[in-house]
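Good morning, colleagues. Please look at the sequence and the structure, which I shall now place on the screen.

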Amino acid sequence: MTFPHRNHLLMLPQGTSLADISEGQWAALNATVNGRLYVAAPISRPCFSNVGPNVTGHADEAECEAVMQHYMDPDTRSNTFGAFMNTEWETCQATSQQCLLDFTNPANAAAFSPPQVCAQGSVPRYYIDVREPADVQAAFDFASSTGVPLTIKNSGHDYSGRSSGADTLSLWTHNMQQITYVSSFVPEGCDASKAAAAVTFGAGTTQGALYDFADAHNITLPGGGERSVAAAGGYLQGGGHSILSNAYGLAVDRLLQVKVVVPTGEYLTANACQNTDLFFALRGGGGGTFGVVMEATTRALPQAPLPTVLVLLNGTQGMERELFNFIATNAINYAQTGWGGVIAPGTGMVFTNPLINMSQAAAEMAGLEDFATNQLNAPFSLTLQPSFLSLFNEFLLPNAVPVGLPFIATSRLIPADNFETESKREELVDRLIPVLDNALPIVFAVAPYYFKDDGETSVTPAWRNSVWHVTASTFWNYDTSLEQKREIYANASSNMDALREITPQSGAYFNEADVHEPNFETSFWGDNYDRLLQIKQKYDPDHLLDCWQCVGWSGSSSARFSCYI
């Protein structure tokens, strides 16, 4: 569902322009982008009778009822410009200016009735509904001539708020959703030896659309655990893990070509044969930084049956230490043969391996079956899923991370070295248990330990020698005070220190990291950072693109980040 409370620019009242930009300048930009310049209001605007400065639209009971009904629906949020998956990024956290509902009960009138005020917060006031490269080129030209800051939004999945920003002009790439399959794709400028089965898709194409497309075409396109994530946005450009990434690599490992508008105004094709530096940067250097991706082409893998293990952990509270002692002891063995998995303590764990048959899977997982049934008294099953879509729908989608609430994550990549000896495994589990107890934890056994990469991606090299990606998350609500929010952030960050201390040479995943990640340049990119910074300076010499803890960012003291806490 998409909420229609976006107003065409030419319907705006006087006095709503950014800074000193005249209505004439906005109107000229609107004409240049063929009438696709809009002003935006927060998704919950129809529920509020009181609004702050520059908030457009009006209170509407029927529209408010629709907002309430779909408030935590990821597709609704993806399809609505004024909505973000983690709602703190709709707000100005530093000033507590917001327009939020109570996620535990969206109909709770205390959240939106007077004296509550709907503020614009960090929802960009203007956006271009991008449909072609010329739209982006016009935006870069406008930003260069006026100084208006830019943000790039796709589906709004971003734990660090990089796709929102108060008083910015946003480029919304969500509606470019074309998909094509080519059985023998040759990247432009390459010779025929580079040919591979591939899928090309628009920047706004969701992972769910790709999963459906792949299943219909008898191919595999691995991706993350939420259908509404845009596959060519920050997910891809930050690395992109999946339950199959140990066997098949990260999303950037399968990327064959990108078409992108860079801040200098050029519309470029980047692949292994041309603009190779830009291709390197877009394979892990982070979204919102080097340009606006219009389309991407990824390798299409054959469809393969997937031996899949499910262990239900609902009744295993208090047995986390026994569980992780066992899993840590077997982690490298699992990784060495291609297993990938997701472990949610207290809920369940799923493992799958596309590289082996059912008899091999039964033999390799016999120890886990014995442990689960005899030690944990937990149900164990091994089934053969016919495709990735089947596995996703059965095991991953029902456990997707919730949206429509303020939600933050911290994370750490755990290297194989931490599993090598009994004493190191004991130390790891000793540090892991308190981290898990103090947050909403997920242990992703998804690092590409088995997969051999081409050495030309820009993600942190720590991905390549790690086995686990550990995340710890927390949340709050609309009525949490500023002081409480500051404490939540601080506690979340210090909580992950227990794992940082025993993994000093490792790092964190750019897309699912602490908002205040220490030494972020090294943590996110390792020794790739200096090269990435040079590429940033080449393609964005005027620094038109800037985002939180991105390559070459202007720093937390910059005015554009004044809403962060």
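Of the contacts in the protein with a separation of 6 or more, 75% join residues 24 or more positions apart; contact means heavy atoms within 4.5 Å. This is a predicted model, in which local features need pLDDT of at least 70 and side-chain atom pairs count only at pLDDT 80 or more, while totals for chains, interfaces and linings use all residues. Residues are numbered from 1 along each chain as its sequence is written, and side-chain values use heavy atoms, with hydrogens and water left out.

Let us turn to the overall form. Along its principal axes, the C-alpha trace spans about 70 × 60 × 40 Å. Buried residues, those under 20% relative accessible area with a 1.4 Å probe and protein chains only, make up 61% of the 565 residues.

The protein has 16 helices and 19 strands, which are DSSP runs numbered from the N terminus (helices H or I, at least four residues; strands E, at least two).

The axes of H5 (residues 207–216) and H12 (residues 388–396) come within 9 Å and cross at roughly 135°. Axes here are lines fitted to C-alpha atoms over the stretch in contact, with angles from 0 to 180 degrees between N-to-C directions. Which residues of H5 and H12 meet? Tyr211, Asp212 and Asp215 in H5 meet Phe388, Leu389 and Phe392 in H12. Four of the residues in this contact are nonpolar, none is polar and two are charged; Ala, Val, Leu, Ile, Met, Phe, Trp, Tyr, Cys and Pro count as nonpolar, Asp, Glu, Lys and Arg as charged, and the others, Gly among them, as polar.

Methods: Buried means under 20% relative accessible area, exposed over 50%, partly exposed in between (1.4 Å probe, protein chains only).
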